[in-house]
Amino acid sequence: MEKRFTTKSILHKLGIGKSYSGYNYILYAVELIAEDESVLSIITKSLYIDIAKEFHTSDTCVERNIRKVIEVIWKKSKTNKTLILKIFGSQYEVYKPSNKEFLELLYEYIKSLLQSILCKRKDMVKWWIQIN
């Protein structure tokens with residue numbers, strides 16, 4: 001649940017909302033990648049197909065709509081350049097990532113954010129136990 005909320009928040013900060021079909025595809029893709037990271041190595045043979053089944057569409061439609069989201073994000077890159085650089089790195093300042101690169105880097109960023117939050121929570125629990 002926290003992963004979905006974090007993904008939504010990041011997509012909104014990147015300028016992408018529910019009006020894009022690719023928005024829901026990306027949310028679901030991150031969930032599937034979290035369940036099994038190996039799907040990133042077979043994105044066209046597994047990930048797109050699983051997303052298409054979930055949303056009753058075709059895998060080519062899924063691929064195209066995710067690509068459209070990436071294009072929109074990069075067109076708006078002047079307004080969210082800092083976040084783009086933070087998530088995707090400076091190499092993507094010149095060109096936009098492929099769908100696979102986008103999903104992989106987005107997932108890794110979300111995973112590191114959630115791990116950071118978890119560590120902070122553990123530290124707070126330890127602190128709370130120490131003072132009581």
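This is a predicted model: local features need pLDDT of at least 70, side-chain atom pairs count only at pLDDT 80 or more; totals for chains, interfaces and linings use all residues.
I started with the aromatics: ring pairs join Tyr25, Tyr28 and Phe55 into a cluster.

Next I searched the whole structure for aromatic pairs and got 5. I looked at the pair of tyrosine 28 and phenylalanine 55: ring centres 5.9 Å apart, planes at 85°, so I logged it as edge-to-face. It ties together distant parts of the chain, with tyrosine 28 in helix α2 and phenylalanine 55 in helix α3, 27 residues apart.

Then I checked burial for both partners. Tyrosine 28 has a relative accessible area of 17%, so with the cut-off at under 20% it goes down as buried. Phenylalanine 55 comes out at 31%, which puts it in the partly exposed class.

I stayed on α2. It has 15 residues and spans 22 Å from first C-alpha to last, close to the 21 Å expected at 1.5 Å a residue. Its buried residues include Tyr25, Ile26, Tyr28 and Leu32.

On to the largest nonpolar core. I found 40 residues in it, and Ile26, Leu47, Phe102 and Leu103 touch the most other members. Helices α1, α2, α3, α4, α5 and α6 each put in at least two residues, and α2 gives the largest share of this core, with 9.

Skipping neighbours within four places in sequence, I get Ala29, Leu32, Ile33, Val39, Ile42 and Leu103.

Last stop was threonine 7, in helix α1. Is threonine 7 buried or exposed? Its relative accessible area is 1%, so I have it as buried. Leaving out residues up to four places away in sequence, threonine 7 touches Leu27, Val30 and Ile110.

Notes:
Residues are numbered from 1 along each chain as its sequence is written. Side-chain values use heavy atoms; hydrogens and water are left out. A nonpolar core is a set of buried Ala, Val, Leu, Ile, Met, Phe, Trp, Tyr and Cys residues joined through side-chain atoms within 4.5 Å. Buried means under 20% relative accessible area, exposed over 50%, partly exposed in between (1.4 Å probe, protein chains only). Helices (H or I, at least four residues) and strands (E, at least two) are DSSP runs, numbered from the N terminus. Contact means heavy atoms within 4.5 Å. The expected span of a helix is 1.5 Å times one less than its number of residues. Rings of Phe, Tyr and Trp (its six-membered ring) pair if their centres lie within 6.5 Å; planes under 30 degrees apart count as stacked, over 60 as edge-to-face and the rest as tilted.
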